[in-house]
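Colleague: Could you walk me through a few backbone and sheet details of this model?

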Amino acid sequence: MAALKYAGLEDTDSEEELPPGWEERTTKDGWVYYANHLEEKTQWEHPKSGKRKRVAGGLPYGWEQETDENGQVYFVDHINKRTTYLDPRLAFTVEDNPVKPTTRQKYDGNSTAMEILQGRDLSGKVVVITGANSGIGFETAKSLALHGAYVILACRNTSRGNEAVQRILLEWHKAKVEAMTLDLASLQSVQHFAEAFKSKNVPLHILICNAAVFGAPWCLTEDGLESTFQVNHLGHFYLVQLLEDVLRRSSPARVVVVSSESHRFTEIKDDSGKLDFSLLSPSKKEYWAMLAYNRSKLCNILFSNELNRRLSPHGVTSNSVHPGNMIYSSIHRNWWVYTLLFTLARPFTKSMLFILCVRRSLFQKDMFYFGFS
């Protein structure tokens with residue numbers, strides 16, 4: 001095979017030869033696909049055997065994978081100082097029996113972020129994720145960046161955001177990722193972030209409103225609002241409003257609001273059935289951390305639904321998602337009692353390797369995927 005020759009290896013038994021006009025290629029994730037130059041189409045199945053394959057193992061010693069200005073993957077042989085668009089790993093493909101994931105495949109609680117994004121090339125997509133220096137936000141940012149997206153980690157703590165960026169770069173040194181300062185407890189900070197982002201003159205294809213506080217003691221922000229309500233909901237609401245014009249220009253685009261099943265265990269209406277604003281930003285006397293969190297998550301869902309109604313005709317969709325029950329993250333850090341409870345439950349929880357943000361959207365029928373179909 002030509003791949004063996006490029007890899008500098010001896011010839012061995014190979015798969016069936018391709019018909020004239022066909023070419024064997026690979027994706028960044030190692031899936032093998034076939035290009036028919038005569039009909040100008042591609043397919044996952046071998047044109048003769050009908051088998052689906054993927055490459056096994058890493059690149060040979062001295063080889064490195066690169067991407068050209070057109071997004072095409074090519075390979076550099078540093079030892080022999082040559083380049084080729086032919087993947088040398090094609091000499092060592094293995095048959096893949098399961099059907100390759102499609103945009104309509106359903107996932108369960110054991111699906112990882114890398115499995116969900118398997119085979120997707122997000123090169124050219126721009127993503128902003130709030131609270132992305134740890135937990136679900138970090139796993140989401142890392143997975144999207146490793147699949148080619150340009151990811152901006154919008155974090156309150158700049159140093160932790162930069163540390164998260166370095167952790168992603170350790171996994172792939174060419175990942176397009178950076179940290180920007182965003183404190184949702186300050187509407188002025190939200191405004192500054194939006195202005196700084198717009199100054200980059202880049203599109204925005206995915207905005208993930210992930211940051212949240214849980215179990216925080218009562219306190220007012222610099223804007224005079226209860227902190228849980230502002231950080232979990234109002235700050236994101238304002239952020240979306242400021243970036244709405246960019247989202248519209250970038251369509252198809254989408255907003256993802258990370259909510260929670262706990263939204264079911266609260267109410268934000270008074271006895272007459274009208275919205276009670278005093279419940280959203282309560283006084284210290286009326287404050288209970290758990291209820292404040294639940295109310296903010298209910299606001300997330302109501303906001304996402306209305307946002308989708310208004311913007312979907314313009315090519316911008318919005319979905320609220322439940323990240324899954326029994327996930328161990330750092331969201332409990334505000335009170336030692338919650339920390340103790342989460343620690344006791346940790347043996348029975350899912351690790352952050354299981355990205356459960358991609359679940360059935362609350363109050364919506366379609367599955368949401370971070371990649372574009």
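Predicted model: local features only at pLDDT ≥ 70, side-chain atom pairs only at ≥ 80, totals over all residues.

Colleague: Which residues does a cis peptide bond join, and what is omega?
Modeller: Most peptide bonds are trans. Pro252 sits in the loop between helix H6 (227-249) and strand S13 (253-258); helices (H or I, at least four residues) and strands (E, at least two) are DSSP runs, numbered from the N terminus. The cis bond joins Ser251 and Pro252, with omega about 5°.

Colleague: Is Lys81 buried or exposed?
Modeller: Lys81 belongs to the loop between strand S6 (73-77) and strand S7 (82-84), and its phi is positive, near 55°. Buried means under 20% relative accessible area, exposed over 50%, and partly exposed in between (1.4 Å probe, protein chains only). With 73% relative accessibility, Lys81 is therefore exposed.

Colleague: Which strands stand at the edges of the open sheet?
Modeller: The 6 strands, in parallel pairing, follow the order S11-S10-S9-S12-S13-S14; two strands pair if DSSP finds at least two bridges between them. Each edge strand has a single partner strand, so one side is left without a neighbour in the sheet. The edges are strand S11 (177-181) and strand S14 (316-321).

Colleague: How many bridges join S13 to S14?
Modeller: Ala253 stands opposite Val316 in S14. S13 and S14 run parallel, and the number of bridges joining them is 6.

Technical notes. Residues numbered from 1 in each chain as written. Heavy atoms only, no water.
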